[in-house]
Amino acid sequence: MKSGVFGILKARFLLNDDAVKNWRFIVFIILLAILMIANTQRYEQKVFEIAKISNEVKELRSEFVDRRSELMKLKMESTISDKMLEKQIFPSTVPPVKIEVTKEEEKSFFKRIWQ
């Protein structure tokens with residue numbers, strides 16, 4: 001037992017006559033370790049990329065909300081009337097009138113167009 005432990009510590013299993021089998025196994029283990037390290041590296045890169053993209057999505061979403069609120073403010077009647085006053089365009093004093101077209105008038109109108 002004692003000579004077996006010392007044999008492993010002194011690496012006699014690498015120098016014996018059947019050491020070729022041991023070397024093949026060691027090379028195989030080293031290749032597996034390199035493959036695992038490369039796979040872990042690729043995984044971590046993807047995790048960082050996902051975190052970066054999710055932060056970018058959050059920024060774009062907040063920018064979208066800001067732009068949407070700005071647009072809502074610009075579409076308000078008071079904002080539009082203020083901008084028009086600067087150009088000396090004043091709101092109408094006459095209220096709008098609704099024009100109603102009956103089906104018969106619509107048919108006669110289209111008949112005149114197609115003739």
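Okay, housekeeping. What you see is a predicted model, where local features need pLDDT of at least 70, side-chain atom pairs count only at pLDDT 80 or more, and totals for chains, interfaces and linings use all residues. Residues are numbered from 1 along each chain as its sequence is written, and side-chain values use heavy atoms, with hydrogens and water left out.

Let's start with the fold.

Now, burial. Of the 115 residues in the protein chain, buried ones make up 3%. Buried here is under 20% relative accessible area, exposed is over 50%, and partly exposed lies in between, with a 1.4 Å probe and protein chains only. The accessible surface totals about 11,900 Å², and carbon and sulfur atoms own 64% of that. Those areas are Shrake-Rupley with a 1.4 Å probe, and for residues only the protein chains shown count as cover.

On to helix 2, residues 19–75. UniProt, in an unreviewed entry, puts a "transmembrane region" at residues 20–38. A caveat on that: UniProt positions are in the numbering used here, feature names are shortened, and annotations may be inferred rather than shown by experiment. In the model that stretch is 100% helix and 0% strand, with its end C-alpha atoms 27 Å apart.

Which residues form a nonpolar patch on the surface? Phe 25, Phe 28, Ile 29, Leu 32 and Leu 35, with about 510 Å² of accessible area together. The patch rule takes residues with over 30% relative accessible area and no salt bridge, joining nonpolar side chains (Val, Leu, Ile, Met, Phe, Trp, Tyr) within 5 Å and like charges within 9 Å. Leu 35 sits in helix 2 and, at 57% relative accessibility, counts as exposed.

How many salt bridges does the structure hold? Two, a salt bridge being a side-chain nitrogen of Lys or Arg within 4 Å of a carboxyl oxygen of Asp or Glu. Arg 67 pairs with Glu 63, closest N and O atoms 3.9 Å apart; they are four residues apart in helix 2, so about one helical turn separates them. Glu 70 also bridges to Arg 67, again with closest N and O atoms at 3.9 Å, and being three residues apart in helix 2 likewise puts about one helical turn between them. That links Glu 63, Arg 67 and Glu 70 in a network. Glu 63 is partly exposed at 39% relative accessibility, and Glu 70 is partly exposed at 44%.

Key: Helices (H or I, at least four residues) and strands (E, at least two) are DSSP runs, numbered from the N terminus.
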